[in-house]
Amino acid sequence: MSTTQHRIGIVGARGHTGAELIRLVASHPALELVFVSSRELDGQRVADNVPGFEGELRYASLDPEAVAAQGADVVVLALPNGKAAPYVEAIDKAKPDTLIVDLSADYRFDERWYYGLPELTRQRWRGEKRISNPGCYATAVQLSIAPLKDLLAAPPVSFGVSGYSGAGTTPSDRNDPEKLRDNLMPYSLTGHMHEKEASRHLGVPVEFMPHVAPHFRGLTVTTNLYLARPVKREDIVNRFHGAYDGEKLVHVQDEAPWVSQIAHKHHVDIGGFAVSSDGKRVVVVATLDNLLKGAATQAMQNINRAIGVDEYTAIPV
Ligand SMILES: NC(=O)C1=CN([C@@H]2O[C@H](COP(=O)(O)OP(=O)(O)OC[C@H]3O[C@@H](n4cnc5c(N)ncnc54)[C@H](OP(=O)(O)O)[C@@H]3O)[C@@H](O)[C@H]2O)C=CC1
Ligand SMILES: CC(=O)N[C@@H](CCC(=O)OP(=O)(O)O)C(=O)O
């Protein structure tokens, strides 16, 4: 296992996921945080903005060429969708062997990029230095369906409810606490990006209906699956244990998990496992913290594997 220090920079470090990554990197024995980029916080101390961070590092407003000129070994892009390409192009020119992990949806459909949902795609990594990190709901949806994929009689239907940190910091109805008060806000009820993403990477069509709720962090995905033949509840539960008992970041439990229990945790909880009396309909519930296993923690798993250290380094498991 490598103990070499790797120089890492975060672009979009002011955001919700950027802040979580800063905390994870700060406790990592093989990563040295060399730059954090934000236009709005340019010049401010990270320690004044990220509770728990110590040191004198300051945010800098860096354009794509300036990011590439830092010469980091690892760059994480934590930008809104549609913004990654100029940074990737600049790094491709200046230092193409840089490991880039993109948190946005921009490269999740690009065959040249490895799609890093380790519990499902670990064996597909071929040393790519371009890694696209899955979406938060898409992670929960895929982990909920994968163990039953061969049994499906119809596209599974996932009902998702996310805390509003999932909508980032750019003001919108979906992260406005006033509009969300006492409310549940449905959106993108067909064709959401994560519906396409989960369908593509699972290899089966999935239907997904997202909602935002007034809590800040953590999401629930409740998935309905019609099966081609009757299956006993015990066999369903055994399939999930078989798939995930070796996984430190996927916990299978009997009861349906509650989102209130998953905030600030790094793993996914999967449970519930309700089976209809004819054995041909199953409902599975998954929760995860959208900022952690849905974003920063999953990025850290991907970085760890790519730099050759234990996958769970710096991740409290
Ligand atoms: N929030 C979540 O639960 C999840 C988010 N993601 C994805 O991760 C990415 C980051 O999400 P999140 O942290 O929530 O986003 P935020 O909106 O919280 O943060 C976005 C960051 O990008 C910077 N930024 C915004 N616009 C630009 C621009 N045009 N050029 C350069 N920098 C810009 C902002 O800083 P400044 O304006 O100061 O430069 C900020 O640091 C997104 O692609 C999101 O879809 C993935 C999984 C879960
Ligand atoms: C509540 C909310 O708005 N959530 C975001 C998902 C956040 C995420 O995982 O983002 P990307 O796939 O864009 O990277 C959404 O539905 O677009």
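The model is predicted, and its protein chain is divided into domain 1 and domain 2. Along the way we will visit helix H3, at residues 85-94, and the surroundings of ligand 2.

**The two domains**
- Domain 1 is made of two stretches of the chain, 6-134 and 294-307, while domain 2 covers 136-290.
- Taken over C-alpha atoms, the centres of domain 1 and domain 2 are 26 Å apart.
- The domains also touch: 20 residues of domain 1 are in contact with 25 residues of domain 2.

**Helix H3**
- Four residues of helix H3 to look for are Tyr87, Val88, Ala90 and Ile91, which are buried.
- Viewed down the axis of H3, these buried residues fall within an arc of 165°, so they line one face of the helix.
- Glu89 and Lys93, on the other side of H3, are exposed.
- The buried residues of H3 pack against several elements, including strand E1 (6-11), helix H2 (64-69) and strand E4 (74-77).
- Strand E5 (99-102) and strand E7 (130-132) are also among the packing partners of those buried residues.

**The site of ligand 2**
- Ligand 2 is surrounded by 15 residues, and the closest are Arg108, Cys136, Tyr187, His192 and His194.
- In the side chain of His192, an N or O atom lies 2.7 Å from an oxygen atom of ligand 2.
- Polar backbone atoms take part too: one of Cys136 is 3.0 Å from an oxygen atom of ligand 2, and one of Leu103 is 3.4 Å from an oxygen atom of ligand 2.
- Ligand 2 taken alone exposes 430 Å², and the protein buries 84% of that.

Definitions and conventions:
Residues are numbered from 1 along each chain as its sequence is written. Chains are lettered from A and ligands numbered from 1 in the order in which they are written. This is a predicted model: local features need pLDDT of at least 70, side-chain atom pairs count only at pLDDT 80 or more; totals for chains, interfaces and linings use all residues. Side-chain values use heavy atoms; hydrogens and water are left out. Buried means under 20% relative accessible area, exposed over 50%, partly exposed in between (1.4 Å probe, protein chains only). Helices (H or I, at least four residues) and strands (E, at least two) are DSSP runs, numbered from the N terminus. The arc is that of the directions from the helix axis to the C-beta atoms. Contact means heavy atoms within 4.5 Å. A residue is near a molecule or strand if one of its heavy atoms lies within 4 Å of it. A polar contact is a pair of N or O atoms within 3.5 Å; within protein, one must be able to donate a hydrogen and the other to accept it, and residues adjacent in sequence count only if both atoms are side-chain atoms. Accessible areas come from the Shrake-Rupley method with a 1.4 Å probe; for residues, only the protein chains shown count as cover. Domain bounds come from an automatic or database domain assignment.
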